[in-house]
Amino acid sequence: MADIIQLLPDHVANQIAAGEVVQRPASVVKELLENAIDAGADAIKLIIKDGGKALIQVVDNGVGMSATDARLSFERHATSKIKSADDLFCLHTKGFRGEALASIAAIAHVELLTRTEEEELGVQLKIEGSKISSQEPIVTPKGTSFCIKNLFFNIPARRNFLKSNQVEFRHITDEFHRVALAHPDIQFHFYNNGSEIFHLPKSNYRQRIVNVFGSKTNEKLVPVEEETQVVKISGFISKPEFSKKSRGEQFFFVNNRFIKSPYLHHAVVSAFEGLIKSENHPGYFLYLDVDPASIDINIHPTKTEIKFDDEHTVYALLRSAIKHALGQFNVVPALDFEADQNLETPYDYKAKLAEVPRVSVDASFNPFAEETPKASHRSSAYEKPSTKGWENMYVGLESKVGKESDFSSVSFESETITGSIFDNQAEAIDTVSTTFQLKRKYIVTTIKSGMIIIDQSRAHQRVLYENFLKNITIKEGVSQQLLFPLQLNFSSTEVHIIKEIIDSLINLGFAFDAIEEEYVSISGVPLLVPESEVGMVLDQLISDYQMDTPEDSFSQSDIVAKTLSKTLAVKTGEQLDSESQLALVNNLFACKEFKISPFNKPIYITLTGEDIDKKFF
Ligand code: ADP
Ligand code: MG
């Protein structure tokens, strides 16, 4: 057989490498910003259009490049930053692989302008898909400007894979935050579609954090300071009372490089133990300085993990530094959780009774419809009784109609429907007058074939979820006007997310007076959302949205409905009176899908007579 192995041509190799280095516009932004910093710039401008799809430009006032270097910089493994393998152990630069520019040039249209201090004329280079298309001398300020257009022009699959402009913009903003927070001594400008997003003057760390996340941040910060031989720790944690549902503001920097470290994160969280609710996240901006020889950052360019030689020591030092900081600033005694009844007291749905009087009229009610959800009572803790048929309402409007609002008039035993609800299991609810609560977690009731044990929290999540989803999709959420508008502070990124989901929120019944750079003012809330929980609900929503940015409006509604149901559902540990138990069971079985929770967990299990018989053997 003839030899068949060939070396790939450079431009193909570059394109393959690019697939790894450049995943999205934000990766380009990261590489270009880092190059500008490595070039010693003290003023950097980032300009993007259409989420970076149309344009990414980074302009710096660093050392610039000679014409030869400018050409060379696009070669793979071409770098000025290390010369030998030994240099890897004393890295003081962000880059060192010499891969970024070669990769970017392989998959985009690149224009480079650069001039060094010594030269009078600079050079302009144009590259498309790894090929230099023009090189000219040019008058240009000292420093470098990279202009990246038509990213992924030759990789349609990648281009199509990109998310909406807004989503890509957010990824870029995240990268920008990371770089800007690590380098307060550099001035940054950031423009998106012609408007200025950030203007960050040179400052110190604290001021930089405040400039990025808003003036309200200042009062939240507690300094952390610790210097040992292994590591110097500095930076800030947020006071426990400002801990949030969303993980948003958590930053580790090691030698001014943003990193992610679940292990160190754990150290921080454990220092906060007992000071914040377990579902909340502490905010932190922590800068660790270590001997470059004691870490290994020779990892994949897109990854942000690093390896410490002595991770355990760093963990212990970090934890104690934070405990110390929390103690010193007297934030510890300020928190008295014993005094906060809400943490201990079961869910107070009785209090909710007051806010729920409502008349719900079901225009589609058809007394002769075959399927009749049944319920003999309902409790206001689960207000909206049934959501049967809701999805049909928004899909088409023809469709079979579920009976919605006449629960109180229908007596349970007389229902034929039980058969249809359980038909695949041939089960039927015997009577729902006999529910009881087990371990403040389960509701037990009987069915013809035996008994059924329902997870109260999951059941309520399902009921709320279908209800919210219906409200969003058919835009019928009932709003409750607030006497005084509620002003909630957010970072600009968070406000941005609220803007993205504003339609869903309004459909649900939220009403907004104002949405400003750093706060929103809320004048109305959905009936099902108590005013006191609004902040928490929005926090959670922002957090969930960040974790799982939806692609279309349906999945957006889905996330909103899921988050609200998760946040507002009764929890394990909450005691329910028999009326509420009953209402929950009935509302659950009136749901379209009553077997699994919105989070894909089983809602109930059944124990048949046979199962029980077996136990007696
Ligand atoms: P790396 O940063 O890993 O060295 P890059 O591909 O990002 O690799 O850049 C290659 C080289 O191009 C750098 O080593 C540097 O010499 C030069 N370079 C890139 N960006 C700039 C810039 N903004 N100013 C000056 N030189 C630059
Ligand atoms: Mg680089």
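Begin by selecting β4 and β5, which form a hairpin with two residues between them; Gly129, in the turn, has a positive phi of about 55 degrees. Helices (H or I, at least four residues) and strands (E, at least two) are DSSP runs, numbered from the N terminus.

This is a predicted model, in which local features need pLDDT of at least 70 and side-chain atom pairs count only at pLDDT 80 or more, while totals for chains, interfaces and linings use all residues. Residues are numbered from 1 along each chain as its sequence is written, chains are lettered from A and ligands numbered from 1 in the order in which they are written, and side-chain values use heavy atoms, with hydrogens and water left out.

Residues 122–128 make up β4 and residues 131–138 make up β5; the two strands pair in the antiparallel sense over seven bridges. Two strands pair if DSSP finds at least two bridges between them. Glu128 stands opposite Lys131 in β5.

Next, select Thr140, in the loop between β5 and β6. Is Thr140 buried or exposed? Its relative accessible area is 12%, so Thr140 counts as buried (buried is under 20% relative accessible area, exposed over 50%, partly exposed in between, with a 1.4 Å probe and protein chains only). Leaving aside neighbours within four places in sequence, Thr140 is in contact (heavy atoms within 4.5 Å) with Leu113, Thr114, Arg115 and Gly122.

Now select ligand 1. Which residues are closest to ligand 1? Of the 20 residues that surround it, the closest are Asn35, Thr79, Ser80, Lys81 and Gly98; a residue is near a molecule if one of its heavy atoms lies within 4 Å of it. By class, this shell has eight nonpolar, eight polar and four charged residues. Ala, Val, Leu, Ile, Met, Phe, Trp, Tyr, Cys and Pro count as nonpolar, Asp, Glu, Lys and Arg as charged, and the others, Gly among them, as polar.

Display distances from ligand 1. A backbone N or O atom of Gly98 lies 2.7 Å from an oxygen atom of the ligand, and one of Leu101 lies 2.9 Å from an oxygen atom of the ligand. A polar side-chain atom of Thr144 lies 3.2 Å from a nitrogen atom of ligand 1. Elements giving two or more residues to the shell are α2 (25–38), α4 (100–106) and β6 (143–149).

Finally, select Glu227 in strand β9 (residues 221–227). Glu227 counts as exposed, at 61% relative accessibility. Leu317 is 90 residues from Glu227 in sequence and 9.3 Å away in space, C-alpha to C-alpha.

Note on methods
A polar contact is a pair of N or O atoms within 3.5 Å; within protein, one must be able to donate a hydrogen and the other to accept it, and residues adjacent in sequence count only if both atoms are side-chain atoms.
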